[in-house]
Amino acid sequence: MAKSFLTSTLIIFFTIILEATVLTNISFLLVVPDIVLIITIYLSLLNGKLYGETTGFISGLFLDFITGVPFGFNCVYRTLMGYFYGLISHSVIISGIIMPVLSVGIGTIVKRLFIIILSLIYPNLHLNVYGFISDQFLFEFIANVALSPFIFKFLSFFKNTLSIIDTKDMIDNVQS
């Protein structure tokens, strides 16, 4: 479990660095796709609610430090999202195209809802909050949904390392 947690934490850290340094400097992107959200959803669906909420908290913590928003802003909604996706992990098959697209699409909408609610509760944060009917949200939604099958497939190559459950145990549980 420690190896899996360390590996996923490093993947999240380097993805946040990639988003913050490279993707934010691409001029034709209206909004940076939230690759960290996609990875957090994948890890939550793969490993369950405890792992999901821990991964969500760690990704939120890294994002809080790098983006400069007040401490805990990203941690709150990413921890809750990791928990809820981990809660349904035993009833969702994460291979294919439909489930990654559906889960990341719902996750992007829920993320936007959390950000809007948190910005209403804390109006002094001066966040760049855009609504559901905007070019920024539409671009982020389409980019996240389009990238999700590819990122899920890429991460599935490392399933043995990222999973806290042995792959043999997964096969035995399915056959039982």
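Helices are DSSP runs of H or I with at least four residues, strands are E runs of at least two, and both are numbered from the N terminus. The model is predicted, so local features need pLDDT of at least 70 and side-chain atom pairs count only at pLDDT 80 or more, while totals for chains, interfaces and linings use all residues. Residues are numbered from 1 along each chain as its sequence is written, and side-chain values use heavy atoms, leaving out hydrogens and water.

**Exercise 1. Find how many helices and strands the chain has.**

Step 1: Count the elements: there are eight helices and zero strands.
Step 2: Read them in order from the N terminus, which gives α-α-α-α-α-α-α-α.

**Exercise 2. Work out what share of the chain is buried.**

Step 1: Take the cut-offs: buried is under 20% relative accessible area, exposed is over 50%, and partly exposed lies in between (1.4 Å probe, protein chains only).
Step 2: Apply them to the 176 residues, and 43% count as buried.
Step 3: Ser 4 sits in helix H1 (residues 2-21), and Ser 4 is buried because its relative accessible area is 3%.
Step 4: Look for its neighbours, where contact means heavy atoms within 4.5 Å. Leaving aside residues up to four places away in sequence, Ser 4 touches Asn 47, Tyr 51, Thr 161, Leu 162, Ser 163 and Ile 164.

**Exercise 3. Describe how H2 packs on H6.**

Step 1: Recall that two packed helices are described by the angle and the distance between their axes. Axes are lines fitted to C-alpha atoms, for helices over the stretch in contact, with angles from 0 to 180 degrees between N-to-C directions.
Step 2: Helix H2 (residues 35-47) and helix H6 (residues 135-156) have axes that come within 10 Å and cross at roughly 50 degrees.
Step 3: Therefore H2 is oblique to H6; angles under 35 degrees are roughly parallel, over 145 roughly antiparallel, 65 to 115 roughly perpendicular, and the rest oblique.
Step 4: Name some partners: among them are Ile 38 and Tyr 42 of H2, and Leu 147 and Ile 151 of H6.
Step 5: Sort the contact residues of H2 and H6 by class: 11 nonpolar, three polar and no charged. Here Ala, Val, Leu, Ile, Met, Phe, Trp, Tyr, Cys and Pro are nonpolar, Asp, Glu, Lys and Arg are charged, and the others, Gly among them, are polar.
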